[in-house]
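Colleague: I'd like a close look at a single part of this model. Please pick one, take me through it step by step, and then show me how the rest relates to it.

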Amino acid sequence: MTAEPGGMNFKDKVVVVTGVGAGIGAAIADAFAACGATVVGLERDLEALSQSATRITGSGGSFHPIRADVSSEQEVATGFREIIAKFNTVDVLVNNVGREFYRNFVDVTVSDFDRQIAVNLRSVFLCCSHVVPVMIREQSGCIINTASVQALATTGQTAPYAAAKAGILGMTRDMARDLGQYNIRVNGICPGCIATPMMDRGLGRSSDPQAAREEMQSAIPLRRLGEPREIANVVLFLASDLASYVSGVSLVIDGGLLAQLPVV
Ligand SMILES: NC(=O)c1ccc[n+]([C@@H]2O[C@H](COP(=O)([O-])OP(=O)(O)OC[C@H]3O[C@@H](n4cnc5c(N)ncnc54)[C@H](O)[C@@H]3O)[C@@H](O)[C@H]2O)c1
């Protein structure tokens, strides 16, 4: 595939995206479908999955929905068996699923920790473990893993989530090292504050969510939350031939948030 500068053509490509029912995952699925890909969406919430299917196919896109909880080894295995049986290949995997968690470290239980690692980190490993053999056979592939700015700095009260997201960055580097010889590129993304249902839930913990949102915006150099589509655009770039020599990196997409030092 050759890509013209500025052009993103994923025609005849099979792109698997996890967590397509809302937020960033829905925007990523929309973006790939608009660029001609056959998008396979894995999603835990059946209602949200069917809304994405209706939206994408209604706009002329190609979408194959699979209901699966990606923290379940069995459901992931069943889902990828279906994908391989139907399409025989996977060109791009976007591990988007993640679940926030807020609790002071002293109150975090072992089961909180295990659950966070299962949803945020083990799920990435599970999905990768099914596509990597296919990509090795094809001698081609691209994997994009979603971490967070919380992998690099912290707001506090997120130890298990931050540990999982930092783990994703480590696994991304290692996979790029091990899989590069098969022409498989593996990269990560670290979104900042993005306007999604997850963000709404986070702000909803405040007694005044609107004031909390304004305070958050004022702390971001671009003075606004990011839109899911702005994450999807970077994912499209990383998956495209425009990024054919990009592997093993994690791109921060945060409106400048992490570039700052505190004013002293
Ligand atoms: N929104 C932000 O500000 C932000 C910031 C940094 C990183 N992120 C990361 O970006 C990714 C997407 O976040 P978002 O804000 O769009 O989340 P969201 O909660 O708004 O949407 C997540 C989607 O994934 C689905 N999902 C959740 N758990 C699942 C599971 N176990 N199996 C299958 N589907 C599941 C949900 O049903 C939902 O449709 C996550 O990895 C998140 O950690 C988000």
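Modeller: Happy to! The chain has eight helices and seven strands, where helices are DSSP runs of H or I with at least four residues, strands are runs of E with at least two, and both are numbered from the N terminus. Its radius of gyration is 18 Å, close to the 18 Å that the globule rule gives for 264 residues, so the chain is as compact as a globular protein of that length. That radius is taken over C-alpha atoms, and the rule is 2.2 Å times the number of residues to the power 0.38. Along its principal axes, the C-alpha trace spans about 50 × 40 × 40 Å.

Before we zoom in, please keep in mind that this is a predicted model, in which local features need pLDDT of at least 70 and side-chain atom pairs count only at pLDDT 80 or more, while totals for chains, interfaces and linings use all residues. Residues are numbered from 1 along each chain as its sequence is written.

The part I have picked is helix 8, residues 228–239. With 12 residues, helix 8 should span 16 Å at 1.5 Å a residue, and its end C-alpha atoms are 17 Å apart, which agrees. (The expected span is 1.5 Å times one less than the number of residues.) The buried residues of helix 8 are Pro 228, Ile 231, Ala 232, Val 235, Leu 236, Leu 238 and Ala 239. Seen down the helix axis, they fall within an arc of 165°, so they line one face of helix 8; the arc is that of the directions from the axis to the C-beta atoms. An α-helix has 3.6 residues a turn, so residues three or four places apart point the same way.

A word on the term: a residue is buried if 20 or more other C-beta atoms lie within 10 Å of its own, exposed if 12 or fewer, and partly exposed in between, with C-beta atoms placed from the backbone. Across the chain, 41% of the 264 residues count as buried.

What covers that face? The cover over the buried residues of helix 8 includes helix 1, strand 4 (92–95), strand 5 (141–146), strand 6 (184–191) and strand 7 (250–253). Contact here means that two C-beta atoms, placed from the backbone, lie within 7 Å. Taking the chain's contacts with a separation of 6 or more, 74% are between residues 24 or more positions apart.

Now look at the two ends of helix 8. In the loop between helix 7 (209–218) and helix 8 sits Arg 223, which has a positive phi of about 60° although it is not a glycine. Arg 223 is exposed, with 10 other C-beta atoms within 10 Å. In the loop between helix 8 and strand 7 you will find Tyr 245, which counts as exposed with 7 C-beta neighbours inside 10 Å. The C-alpha atoms of Tyr 245 and Arg 185 are separated by 8.3 Å, although these residues are 60 apart along the chain.

Helix 1 (23–34), one of the covering elements, deserves a look of its own. Of its 12 residues, 11 are buried, among them Gly 23, Ile 24, Ala 27, Ile 28 and Phe 32. Helix 1 reaches 17 Å from its first C-alpha to its last, close to the 16 Å expected at 1.5 Å a residue. Gly 36 follows helix 1 and has a positive phi near 95°.

Helix 1 also brings us to the ligand: helix 1, strand 2 (38–43) and helix 6 (197–203) each supply at least two residues of the shell around the ligand. That shell has 29 residues, and the closest are Gly 19, Gly 21, Gly 23, Gly 98 and Met 198; a residue belongs if its C-beta atom, placed from the backbone, lies within 6 Å of the ligand. By class, 13 are nonpolar, 11 polar and five charged. Here Ala, Val, Leu, Ile, Met, Phe, Trp, Tyr, Cys and Pro count as nonpolar, Asp, Glu, Lys and Arg as charged, and the others, Gly among them, as polar.

One last stop is Ala 147, in the loop between strand 5 and helix 5 (159–179). Ala 147 is buried, with 29 other C-beta atoms within 10 Å. Its C-alpha atom is 8.3 Å from that of Gly 98, 49 residues away along the chain.
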